[in-house]
Amino acid sequence: MGLYSSPFRVIFTPHKGKGIVIEEIARVSTPSESERKRARELGELISYHNERYHLLDSPEISDAEFDALFRELVDLEARFPELRTPDSPTLRVGAPPLSEFPVALHAEPMLGLENATDEVQLLDFERRARKFLGEAGEISYECEPKFDGLAVELTYEDGILTRASTRGDGISGEDVTPNLRTLPTIPLKLTAPHPSLVDVRGEVVMLLEDFKELNDEQDERGLPPFANPRNAAAGSVRQLDSKVTAKRKLTFIGYGIGRLAGFEFNSQLEAMEAMADWGFLPNDSRVLLSSIVEVAAYCADIEKRREEFPYEIDGCVIKVDDRELQARLGNKSRSPRWAIAYKFPPMQARTKVEDILPSVGRTGAVTPVAELAPVNVGGVTVSRATLHNMDEVIRKDIRIGDMVIVQRAGDVIPEVVRALKEERTGEEEEFKMVEHCPVCGAKVTRPEGEVVYRCEGLACPAQLRGRLRHFVSRRAMDIEGVGEKLIDQLVDTGMVKDIADLFTLTKEVLSGMERMGEKSAKNVINALEEAKTRELGRFINALGISHVGEATAANLAAAFKTLDGVMSASEEALLEIEDIGPQVASSIISFFTDEKNVETIDKLKTLGLSPAQPEERSGEDSLGGAIFVLTGTLSVMTREEAKETIKRLGGKVSSSVSAKTTYLVAGESPGSKVKKAEEAGVTIISEQQFIALVSTAQSKPETPTPGNVKKHLSQQKLF
Ligand SMILES: [Zn+2]
């Protein structure tokens, strides 16, 4: 309960794992109906986008937009504590992720480095150091390439890795120990004689080759590529699930020491050599130079060869080698006096925007892409650059005909940095987002609260694979045997041009596909046939309407009973439904008013699709619209199975207790919902009573029930 009683709450937004401190203000007031509604809608939206982000790995909105939704809900709940339902996403994300990314204070701050961009500034650095030391004599420098990755600190106590944290702001970062433990280049135990305590500092990078492989995989899975190796490395380290980090190929390269006890080094180079002995990757590009002039030559040479490195580098780091001199030079407020970073200029070039064209991604996002007069940027010819989204085009004011600066970040997608407005002739044209998809002709809309424009076309070839995958998935139409490989072949051969075409497939066509025998072809045909009468809710979920996830789809089905009913629902009628607010309602209406979508749905109907209504399938003893709320841990069936059973028998499942609730099913260690139910006069039943109720409601004993429920039911002789 500490979470509730503390005057401050640190909430980790699931998108970024970053903590935001929220002041909890107890104010007694009652929310208006629209505030209640918005809170419910926000709860649904956050869960929906969370799932897109974490499970499906295909976010629809930016982190900033997600944070805005999240903060809005946090704020509403802070103002009206009664809106904080026990299953509010603000609580859910507040607990487990919190323990996954605790704040990690650095015992010794991880300071930044001062920058130099030319030889003069390097000479100046030495002059200042000499002046501070008040002596002549030689200073030797340890120099190395500056890796472009994520800075981390590894703490070893008695040679055992006890904590791994990100640099963060230098004072405190995030504790990412479980994630970094998965890196083969980070020894869990130091070999050779080692200090009793040491903080090893370095960079987590993604090798260019591993980065390319990861982006190829992203592409295969229909996901957007990572912008550059640094982003990919940082994103991989900061995964809430360390299994994801483990799958990404990351490399740690050490470059410094923080705290040190029970060991001594005379020089930086010695320290680096010891690190190699302890089991860290040695760094071959490291050199010891005896004058700053040599250092400048080294920097120029590395810059010339920057493309030859297996990882991205963005400069060189120069450190006074002598540890005693380092100690005497000490630190300024934010950077040490004994080290400096020589930064390479970014890989940029100047060229002309010949056109701006809308490009449709596989998720339906329509993004503006600049067609450029071909130009060489850091050794690579660039003729296209992403403009990210409309907001960026407007913010940067980039027009067709503009002279612009393009920049290559990593070895992927170049971007337009800025327009050279002073060179405008007046002939330049502003880019307007298209109203119709250039690929399929369907409407292009910008869903409220989103930064991205989307093609709404159900049959859009540009996004067909993604749509098909979702359509057949287990939680949607659940069509077994139609996997990614088959979908790819069906799309590539042109056999399937929209979701409806799936139902035109014949055994002959299917058995002609790679790795498809006669038997599996027959199984797919059977699975498709069976799917024709799937529950309406699953069908609606399968359509992939933006913002409409499983729960909202089920609610729509329950409220409107038929597909036509859902399709023709007015905004007012939609707003009547729990969890649907104006944002979701407008997304639904927009989807069903698109001509192409209506065409595809008509085609599905012609092919025999008739999504079944749960009510029709249940008999006279069915649950007849009873509203269930589940709480606590169920032991006989999973929550998922319980929900499925209720819906199949014509009941409804709600997430919060209200006067409309018929039954509260209380499993083990139920939460505050029991008290709420008591107050609202709702009947509270145990899991056993629930099972008894469900078994009486089974209209036809042959109706399939979730396997283990049936087993338990028969064991308990309830049948
Ligand atoms: Zn389209």
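# Reading the Terms in a Predicted Model

Analyst: In this predicted model, strand β21 (residues 627-631) and strand β22 (residues 652-654) pair in the parallel sense over three bridges.

User: Why are β21 and β22 said to pair?

Analyst: Two strands pair if at least two bridges are found between them. β21 and β22 have three bridges, and therefore they count as a pair. Within β22, Lys-652 stands opposite Ile-627, and Val-653 stands opposite Phe-628.

User: By what path does the chain cross from β21 to β22, and what is the hand of this crossover?

Analyst: The chain passes through helix α26 (residues 639-648) on its way from β21 to β22, and this β-α-β crossover is right-handed.

User: Which other strand is joined to β21, and in what sense do the two run?

Analyst: Strand β23 (residues 663-666) is joined to β21 by four bridges, and the two run parallel. Tyr-663 in β23 is the bridge partner of Phe-628.

User: What is the order of the strands in the sheet that contains β21?

Analyst: The order is β22-β21-β23-β24, an open sheet of four strands with parallel pairing. From one strand to the next, the twist averages 35 degrees.

User: What makes β22 and β24 edge strands?

Analyst: β22 and β24 (683-686) each pair on one side only, and this makes them the edge strands.

User: Why is β21 described as largely enclosed by the rest of the structure?

Analyst: A residue is called buried if its relative accessible area is under 20%. Five of the five residues of β21 are buried, so the strand is largely enclosed by the rest of the structure.

User: What shows that both faces of β21 are covered?

Analyst: In a regular strand the side chains alternate between the two faces of the sheet. Ile-627, Val-629 and Thr-631 lie on one side of β21, Phe-628 and Leu-630 lie on the other, and all are buried.

User: How many residues of strand β5 (residues 141-147) are buried?

Analyst: Seven of the seven residues of β5 are buried, and the strand is mostly covered.

User: How do you know that β5 pairs with β11 and with β12?

Analyst: The criterion is at least two bridges. β5 and strand β11 (residues 287-289) have three bridges in the antiparallel sense, while seven bridges join β5 to strand β12 (residues 313-320), also with antiparallel direction. Both pairs therefore meet the criterion. In β11, Leu-289 is the bridge partner of Tyr-141; in β12, Cys-316 is the bridge partner of Pro-145.

User: What is the strand order in the open sheet with antiparallel pairing, and which strands are its edges?

Analyst: The order is β7-β6-β9-β10. The edge strands are β7 (160-166) and β10 (251-261), each of which pairs on one side only. Inside this sheet, eight bridges join strand β6 (residues 150-157) to strand β9 (residues 197-205), and Thr-155 stands opposite Asp-199 in β9.

User: Which residues are the protein donors of the zinc ion, and how are they spaced in sequence?

Analyst: The donors are Cys-437, Cys-440, Cys-455 and Cys-460, each through its SG atom, at 2.2 to 2.5 Å from the ion. A donor atom has to lie within 2.8 Å of the zinc ion, so these four SG atoms qualify. The spacing of the donor residues is C-x2-C-x14-C-x4-C. Among them, Cys-455 and Cys-460 are buried.

User: Why is the site of the zinc ion called tetrahedral?

Analyst: Four donors count as tetrahedral if all angles lie between 85 and 135 degrees. The angles among the four donor atoms here are 99 to 118 degrees, and therefore the site is tetrahedral. The ideal angle for four tetrahedral donors is 109.5 degrees.

User: Is Gln-489 buried or exposed, and why?

Analyst: The relative accessible area of Gln-489 is 17%. The cut-off for buried is under 20%, so Gln-489 is buried. Gln-489 has its place in helix α16 (residues 484-492).

User: Why is Ala-192 called partly exposed?

Analyst: The relative accessible area of Ala-192 is 42%. Buried means under 20% and exposed means over 50%, with partly exposed in between, so Ala-192 is partly exposed. This residue is found in the loop between α7 (177-180) and β9.

Methods. Residues are numbered from 1 along each chain as its sequence is written. This is a predicted model: local features need pLDDT of at least 70, side-chain atom pairs count only at pLDDT 80 or more; totals for chains, interfaces and linings use all residues. Side-chain values use heavy atoms; hydrogens and water are left out. Donors are N, O and S atoms within 2.8 Å of the metal (3.2 Å for Na, K and Ca); water is not among the atoms, so sites may look incomplete. Four donors count as tetrahedral if all angles lie between 85 and 135 degrees; four count as square planar and six as octahedral if opposite donors are over 155 degrees apart and all others between 65 and 115; anything else is irregular. Buried means under 20% relative accessible area, exposed over 50%, partly exposed in between (1.4 Å probe, protein chains only). A crossover is right-handed if, with the strands pointing away from the viewer, the path from the first strand over the helix to the second runs clockwise. Axes are lines fitted to C-alpha atoms, for helices over the stretch in contact, and angles run from 0 to 180 degrees between N-to-C directions.
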